[in-house]
Amino acid sequence: MPTKPPGSPRPDGSSRPGRGRADARRAPTLAGLRAEIDRIDKELVVLLNRRAEVASQIGQVKERDGLEVWSPAREEEVIARALSQSQGPLPEQTVRLIFRELMSGSRSIQRTLRVACLGPKYSYSHLASIAKFGNAVEHVPVGSIAAVFEEVNRRHVQFGLVPLENSTDGRISDTLEMFTRHSGLKIRAEVKLRIHHCLLGKTPWADVRRVFSKAQALSQCRHWLSKNLPQATLHEVVSTAHAAEIAQREPFAAAIASRTAGDAYGLDILAENIEDQPYNVTRFAVIAEQSEARTGRDKSTLLLRISNQAGALSKVLAPFEKGGLNLTMIESFPSSAENLPGRDPSYLFFLDVEGHAEDPPVSKALELVRKRCERLEVLGSYPRGECVES
Ligand SMILES: O=C(O)C(=O)C[C@]1(C(=O)O)C=C[C@@H](O)C=C1
């Protein structure tokens, strides 16, 4: 409950002589307001711990019933409700971050989750993992996208985080290729991360001769680089965080990476928001052994193999149109590994359709599609994610 600031205390706590109580009420003092914050914080800590106790009980129920600790659908619901109930001056992003960390902490009371992502630390994959799971999980940075799949397959971690596509640059072939290999893993959730690139280094801008980054990040800043750093050569490395490591030790070098990577590797921000498209979003998939249950606001990712014949694709897609189902992504992918010598090569297609594979209109369409193509795999049904800032 908000309380009125006490009568005319100074910052040091003493009273001002000769001033009336009415004056003091009109002009709140720093000490008075801080005292009020202290009182509110006391109530908050009690409430936070009460919430954590309930989460711990939920953990016991889940263990008894053999349910998983992480429920992305429930977490989305909790955040959406908090945002809709938040009427005050607190920015939306702050409410989101507070609840994300609260639930991250609640999960860690139930069990410490391990999440593999493309490292090193502070890569965009790592930031996407923090955006989805919060900081109270064990992030396991690995050297390649294939290694993320491997870690989940070998059960060294419960979840993996891989990039699927970027709004400026398109698909991430390494990830799609891994899905074509019958890995058996499912997409359990998606993370749409707003990507802001910085030019980072220890060299003044005019002296930069070499710029290091991941291929996709260089491509997303192509126009900015040609206009602002025409003298520099561009060098692809395995991740943006690795580029930051290089910029830390090499003379005349700079990296394109996140502001967080710059802080972590002690680099100066030479320029920020250098991405060519202001709306630069990378969509990541959380991969796991199982898909997510229906929430009513879902999306499914499908993998199709279609024969190389006139009209084959439109025949396969017709059931989606008939069922009134919206397709939000379609990517073709050469299926070299599956093609036999002497046969016309067939193509693989990745499709996103709105709805869960168990929703009756989707399952009905999938039944028809299955009969019209050579391979159909539901790579996962999962709650549709909101775009979050990196
Ligand atoms: O509701 C649950 O299933 C919980 O375990 C509680 C809680 C939360 O803190 O609100 C924590 C972890 C889950 O991923 C979802 C929500």
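Helix 6 and helix 7 lie oblique to each other in this predicted model. Helix 6 covers residues 145-153, and helix 7 covers residues 173-180. Two packed helices are described by the angle between their axes and the distance between the axes. Here the axes come within 9 Å and cross at roughly 40°. Angles under 35 degrees would count as roughly parallel, and 65 to 115 as roughly perpendicular.

Which residues make the contact? Helix 6 contributes Ile145, Ala146 and Phe149. Helix 7 answers with Asp174, Thr175 and Met178. By class, this contact holds four nonpolar residues, one polar and one charged.

Next, the annotation. An unreviewed UniProt entry lists residues 114-289 as "domain: Prephenate dehydratase". That span is 32% helix and 34% strand. Its end C-alpha atoms lie 14 Å apart.

Now turn to the ligand. Which helices each supply at least two residues of the shell around the ligand? They are helix 2 (30-65), helix 3 (72-85) and helix 4 (92-110). The surrounding residues are Ala55, Ile58, Trp70, Ser71, Arg74, Glu75, Val78, Met103, Ser106 and Arg107. How does this shell divide by class? Five of its residues are nonpolar, two are polar and three are charged.

Methods. Residues numbered from 1 in each chain as written. Predicted model: local features only at pLDDT ≥ 70, side-chain atom pairs only at ≥ 80, totals over all residues. Axes fitted to C-alpha atoms, helices over the stretch in contact; angles between N-to-C directions. Helix = DSSP H or I, 4+ residues; strand = E, 2+ residues; numbered from the N terminus. Parallel < 35°, antiparallel > 145°, perpendicular 65-115°, else oblique. Contact = placed C-beta atoms within 7 Å. Nonpolar A, V, L, I, M, F, W, Y, C, P; charged D, E, K, R; others polar. Near = placed C-beta within 6 Å. UniProt positions renumbered as here; feature names shortened; annotations may be inferred.
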